[in-house]
Amino acid sequence: MRHVYVLGVGMVPFGRYPNTPVEDLGAEAVLAALGDAGIPATALAAAYCGHVSQGMTLGERILDRAGLAGIPTTNVENACASSSTALNAAWLAVAAGQYDAVVVMGAEKMRRGLLPLTRLAEGDLEGLLGKTIPSLSALFASRYAAEYGLTSEDLAAVAVKNSRHAAHNPYAQYRRPLTVDEVLASPMISTPLTQLMCCPTSDGASAVVVGSGRYARRQRSRAVRIVRSHLQGGVCIGTRSTPNVTARAARQAYELAGIGPEDVDVAEGLDYTTMAEILLYEDLGLVGPGEGVKVVRNGGQTGRRRFVFSPGGGLLGRGHPLGATGVAQVAEIVWQLRGEAGERQVPGARVGLTHAAGGVITGVDDEASVTVHLLAR
Amino acid sequence: MADAVIVDVPIKEDVFTPGDFRTEAVSLRGSRCSRCEETFFPPRRFCPRCHDGAAMGGVTLSRRGRICAVTHVARPAAAYKQAYSLALVDLPEGVRLLTQVAGPADALVLGAEVDLVVEPLFETPDGQRVWGYRFVTFDSASR
């Protein structure tokens, strides 16, 4: 397998674009990534596009709008892990020697309000019973509180931290720093989670150009290597217990990459609620079981070391246009590892991780699919 | 104009044991794999442990379970007009299912025993009354 590098990244600021077609959002991100890579358009040998519900052949429609049509294009749907799964396919094609430079894009325009689970997955039993995405996370909070202790202030603190990160991110949807009181006073969604502890719906697009050493050599120290791209599927194991699919995927990715959780300086994960972020600290192996809430209380400190989670503001701050999130997470980590993250730069960041999880299926304990990417400069 | 005709439908075809779910005390139906002895809900044809359907059969699930996680959903899913509570409920068969729960707020706590009630959950815009299930706290079930 050949080494695979991120040659360029680009995105449009996440937010609301009522008058801009999704193709235009995607084209802007793709052209930004291509410009950042500094390679000619003719160098792109293939394209991969992730989205959830933007209709057929979105990738081709975006390429057409960007003047880049006429290359092999694959569209990928894996719920919130759509564009990160597209990146997994691109990574494999470059690693296998099929292509030297490809573009991966994610784009989505969303309706406001709760995700309509019973429309996204026809006839889903738990959706019909009233399950919503925030309420699922709220049930995990109920369990966590019973096992390890957890307060509403802990859950609010994560939102405050991520709003502080997002305030310095020009691509973030919400850039106003929040206070604990404000987060607690926002409307209750599903106890104990308030609105400001849950991610918004968003419009947006993101893109990365990945390639082989043939192009990365010209970038010298600026090239960031995707040491491993890993995709894993969820399963029914009977009891909604650990290890869940995120924990399995992370453990496998660390082993395949020869990188341990103790090496990770910066991470972006599918923190769709503040509870989800706390669980990710543990499931990604950054801390042990029950220690996630201690990280919150210690301001990111785990005792022996410090890692920064959601440097770009996470899903709460940056926004969450479903199909665009996975690649946007990678863009943020690339900026961090290059030292180009401006006021939100994590000093000396050398190893980064991204995690995306997509889909909830009745009767399956895990999310449907999870991706983990490990990147290093 | 005549009154709209309401049609009673189950929330899912295979989740209740045989009988008229509107008038009889039906239970929830799961699947059990006699090879690995794991029980599943909702029912499935193939065992995800054994990757095989040969040893799978239907099983009637207990009507009493225990709350293992609970949340009050203030912002309900689109089909619902009012807030409700959701829980993960553990059944003696080893099944942990997501369900609505009802009862006094101070009784909907972890460890509380709850009983199955089959009842309408919501009506669709095209006139279907959807029958599902809730688990209710022991005291309110025997009211």
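Start in chain A and select strand β2, residues 46-50: 5 bridges join β2(A) to β4(A), and the two strands run parallel. Strands here are DSSP runs of E with at least two residues, helices are runs of H or I with at least four, and both are numbered from the N terminus. Two strands pair if DSSP finds at least two bridges between them. Strands of a sheet pair through backbone hydrogen bonds, either parallel or antiparallel.

Before moving on, note that this is a predicted model, where local features need pLDDT of at least 70, side-chain atom pairs count only at pLDDT 80 or more, and totals for chains, interfaces and linings use all residues. Residues are numbered from 1 along each chain as its sequence is written, while chains are lettered from A and ligands numbered from 1 in the order in which they are written.

**The sheet**

Select A:Tyr48. Opposite A:Tyr48 stands A:Val104, in β4(A). Now show the whole sheet of chain A. Its 10 strands follow the order β3-β2-β4-β7-β1-β8-β12-β11-β9-β10. The sheet is open, with mixed pairing. Which are the edge strands? They are β3 (73-76) and β10 (308-309) of chain A, and each pairs on one side only.

**Two domains of chain A**

Colour residues 5-111 and 203-226 as domain 1. Colour 119-200 and 228-376 as domain 2. These bounds come from an automatic or database domain assignment. The C-alpha centres of the two domains of chain A lie 23 Å apart.

Next, select where they meet. 37 residues of domain 1 are in contact with 35 residues of domain 2. Contact means that the C-beta atoms, placed from the backbone, lie within 7 Å. On the domain 1 side, α3(A) gives the largest share, 7 residues. That side has 20 nonpolar, 13 polar and 4 charged residues. Asp, Glu, Lys and Arg count as charged; Ala, Val, Leu, Ile, Met, Phe, Trp, Tyr, Cys and Pro as nonpolar; the others, Gly among them, as polar.

**Across to chain B**

Show chain B. 31 of its residues are in contact with 27 residues of chain A. Select β5 (64-73), β6 (84-90), β7 (96-102) and β9 (128-137) of chain B: each gives two or more residues to the side that touches chain A. The largest share, 6 residues, comes from β5(B). By class, this side of chain B has 20 nonpolar, 6 polar and 5 charged residues.

**Confidence**

Chain B averages 92, and 94% of the residues score at least 70. For the complex, the predictor gives an ipTM of 0.94 and a pTM of 0.96.

Note on methods. Two residues are in contact if their C-beta atoms, placed from the backbone, lie within 7 Å. pLDDT is the predictor's confidence in each residue, from 0 to 100.
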